[in-house]
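Please read it alongside the sequence and the coordinates.

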Amino acid sequence: MPYGYNGKILHVDLTTGKLEVEEPGEFFYRKYLGGSALGMYYALKRIPPGIDPLGPENVLVLSLGVTTGAAISGQSRVTATAKSPLSGAIGDAQAGGFWPAEAKGAGFDAYVITGKADKPVYLWVHDGQAELRDASHLWGKITGEVQAAIQHELGDARIEVLQAGPAGERGVRFAALINMSNRANGRTGMGAVMGSKNLKAIAVRGHNRPEVADRKALAALARWGANYFPESNVYSMGVHGTADVLAFQNESGGLPTHNWESGSFDGFEALTGEVMSDTILKERDTCYACVVRCKRVVETEWQGKRVDPHYGGPEYETLATLGSYCGVGDLAAVAYANQLCNMYGMDTISCGATIAFAMDCFERGLVTTAATGGIELKFGNAQAMVQMVEQIALRQGFGDLLAEGTGRAAQRIGHGAEELAVVVKNHDLPAHMPEVKRSLGLIYAVNPFGADHQSSEHDPAYEGDYESYKERMESIGLLDPQPEYSLTPEKIRFALYTEQFYSMLDSINVCQFVYGPAWHLYGPNQLVEMARAVTGWDLSLWELMKVGERRLNMMRAFNAREGLTREHDVLPPKVARPKKGGTSDGMFMAPEELEQAKDTYYAMCGWDTQGIPTRARLEELSIGWVADEIGR
Amino acid sequence: MRLGSQYERPQSGTVQVNVKLFSGFREHLPPEARGKAVVELPDGSTVEQLLAHLGIDEHVKLLSINSERETDWLRTLQDRDVVRIFPIVVGG
């Protein structure tokens with residue numbers, strides 16, 4: 001068995017209760033590596049076309065990476081893959097924390113979960129042993145209680161728990177998987193898939209992680225990272241969290257506000273990472289073995305209700321979606337809403353964005369107090385925002401409609417509400433704006449699981465910031481930075497290469513703040529060194545990038561099989577409307593600009609004009625079997 | 001040149017500028033300032049002189065005056081201008 005792997009994949013059939021161990025062999029691992037690429041292999045092989053994502057036929061894959069659990073920053077990650085109940089396209093989400101490293105020691109590289117249990121169960125995995133246990137007593141409970149109950153009944157406080165919260169049980173289409181009660185596989189509704197299977201949680205404990213090929217080389221890289229960190233670009237993110245970027249986003253006109261009417265928010269100063277550090281931050285938290293410590297732990301009160309440090313603290317995205325999107329400049333209210341999302345198990349991005357959409361409808365008279373049960377769902381109403389988070393999680397009142405996600409809610413509301421839905425493939429846009437980052441707009445449109453800010457490098461790295469990262473960017477062939485706000489063929493090449501790079505990161509399964517092509521703690525060549533040290537394989541950046549391409553092509557093939565084509569790769573109408581106020585006043589991204597860019601992008605990818613991979617392209621990536629799957 | 005936390009009656013021949021520093025640039029002011037200061041400079045002082053006064057010699061990613069982005073560092077500062085200054089900030 002190659003270094004870095006357990007060499008075992010656990011197949012769990014919840015319908016029959018049968019557990020089976022697969023031992024795939026070195027060739028398989030080197031081709032699909034782990035994380036998202038490995039998850040895609042099983043998604044394509046095991047999920048029949050056209051199934052209901054919340055039905056028993058859907059397959060949920062939880063996969064670790066080859067480096068997961070190694071003693072270096074940024075490696076403790078888990079990927080969730082399944083057909084998304086939000087989009088109907090492929091779903092994909094990553095999380096950090098201590099669960100992934102603990103799971104690696106528990107003996108398996110991935111879990112492939114099919115079927116549906118006839119009553120609630122949880123999976124208990126420890127040192128190579130696995131069993132399904134009754135979870136009837138845990139059903140309906142919030143994440144913190146479930147974690148404590150499992151640790152108590154199994155008699156070990158070091159057990160890590162990944163779970164679907166009450167929102168996942170109720171089929172909230174953007175329900176998340178939560179581990180440690182504060183880390184989320186947030187996007188694309190993976191919590192709803194797990195809940196639909198009557199699988200409450202996966203508890204892991206392990207004492208023996210796989211051997212690393214070259215411990216000395218890995219330790220040297222880890223030391224280098226720890227020494228370089230204080231002068232690195234991610235140092236300040238460690239100090240102030242991901243919200244370090246919030247004030248800058250506002251000042252550059254890129255902080256989505258009032259459901260994307262504007263890129264600047266008058267109340268931004270209350271929501272910055274710096275203010276969080278100065279006021280409610282209790283401590284900085286970390287993922288296993290990481291020096292960055294970007295995770296927040298906050299403690300405060302909002303309207304007499306405690307914000308409990310157990311549930312962590314808000315990220316930038318959360319402060320934007322539950323804050324500026326909704327016009328709420330109240331840090332304590334956002335921290336409380338963040339806690340609710342972690343307690344109930346929901347994606348803070350889609351949750352906040354869906355509420356902002358509903359507020360937009362309310363402001364325009366498309367939704368009234370008759371529908372909301374008397375709630376004045378106006379921008380800036382923190383009380384209403386928090387009420388809606390709770391209603392969505394429990395599928396109560398108007399929240400039951402919003403639990404279906406922005407796209408479905410817009411269709412039900414009608415009368416032009418669709419024009420206010422800021423989604424791609426029903427997946428809410430995260431808090432970075434195509435209006436000021438053109439290539440990101442292209443990636444939002446073409447990304448297989450919908451708009452995502454963690455699927456490519458953002459434009460400034462190939463614009464004004466380029467000189468700061470020149471050497472690293474050069475190492476992946478990006479030599480010619482482009483003007484601000486441009487979407488030239490060269491900028492599209494940047495978007496594609498960095499998309500493939502980020503796809504590779506999700507397949508080695510490492511943190512995209514720690515490893516990357518630009519501002520990250522470690523650059524591309526160090527990533528290769530790290531992967532070589534762990535695996536002992538004579539890996540190159542070229543070979544690893546090909547895994548990234550393989551993943552993206554498998555995802556596009558999955559979508560093609562579900563009937564998705566070019567017409568689904570579009571940005572929402574709001575992005576094409578001039579923004580109001582701030583430094584992005586009047587800015588927009590026109591559909592024609594996107595369509596032209598798509599032509600170039602698809603051709604660069606080796607796809608047809610509908611954005612579907614050709615057989616030759618799939619054969620070039622050594623995955624000809626995928627062409628058979630999609631009838632090419 | 002003086003640094004304070006709020007506007008005072010300006011001395012003749014000077015302007016007072018409200019400075020807000022973000023992210024890592026906050027370390028150019030004492031911790032208790034929390035990134036905010038009122039800076040008194042001679043009349044006619046420029047953005048460049050303000051940066052020198054604050055000891056900011058690293059790459060400035062973005063600078064705004066009264067919420068409008070400014071790239072001309074020879075621009076003359078006016079009394080009560082609000083200047084926000086950002087280094088490269090990442091993540092999110």
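In this predicted model, the rule for polar contacts finds 13 residue pairs across the interface of chain B and chain A, with both residues of a pair at pLDDT 80 or more. On the side of chain B that touches chain A, the elements that give two or more residues are β4 (62–65), β5 (68–69) and β6 (82–86) of chain B, and by class this side has 6 nonpolar, 7 polar and 8 charged residues.

The contact as a whole takes 21 residues from chain B and 31 residues from chain A, and the area buried between the two chains is about 2200 Å², with carbon and sulfur atoms giving 53% of that area. The rule also finds 6 salt bridges across this interface; one of the salt bridges joins the side chains of A:Glu484 and B:Arg69, with an N to O distance of 3.0 Å.

Within chain A, helix α7 (residues 215–228) packs with helix α21 (residues 524–535), their axes lying 8 Å apart at an angle of about 145 degrees, and the crossing of α7(A) and α21(A) is left-handed. The residues that make this contact are set out by helix below.

| Helix | Residues in the contact |
|---|---|
| α7(A) | A:Ala217, A:Leu218, A:Leu221, A:Trp224 |
| α21(A) | A:Gln526, A:Glu529, A:Met530, A:Ala533, A:Val534 |

How do the residues of the contact of α7(A) with α21(A) divide into nonpolar, polar and charged, and what number falls in each class? The contact of α7(A) with α21(A) holds 7 nonpolar residues, 1 polar residue and 1 charged residue.

Note on methods. Residues numbered from 1 in each chain as written. Chains lettered and ligands numbered in written order. Predicted model: local features only at pLDDT ≥ 70, side-chain atom pairs only at ≥ 80, totals over all residues. Heavy atoms only, no water. Contact = heavy atoms within 4.5 Å. Buried area = accessible area lost by both parts, 1.4 Å probe. Salt bridge = Lys/Arg side-chain N within 4 Å of Asp/Glu carboxyl O. Polar contact = N/O pair within 3.5 Å; in protein donor to acceptor, adjacent residues only side chain to side chain. Helix = DSSP H or I, 4+ residues; strand = E, 2+ residues; numbered from the N terminus. Nonpolar A, V, L, I, M, F, W, Y, C, P; charged D, E, K, R; others polar. Axes fitted to C-alpha atoms, helices over the stretch in contact; angles between N-to-C directions. Left-handed = near helix turned anticlockwise from the far one by under 90°.
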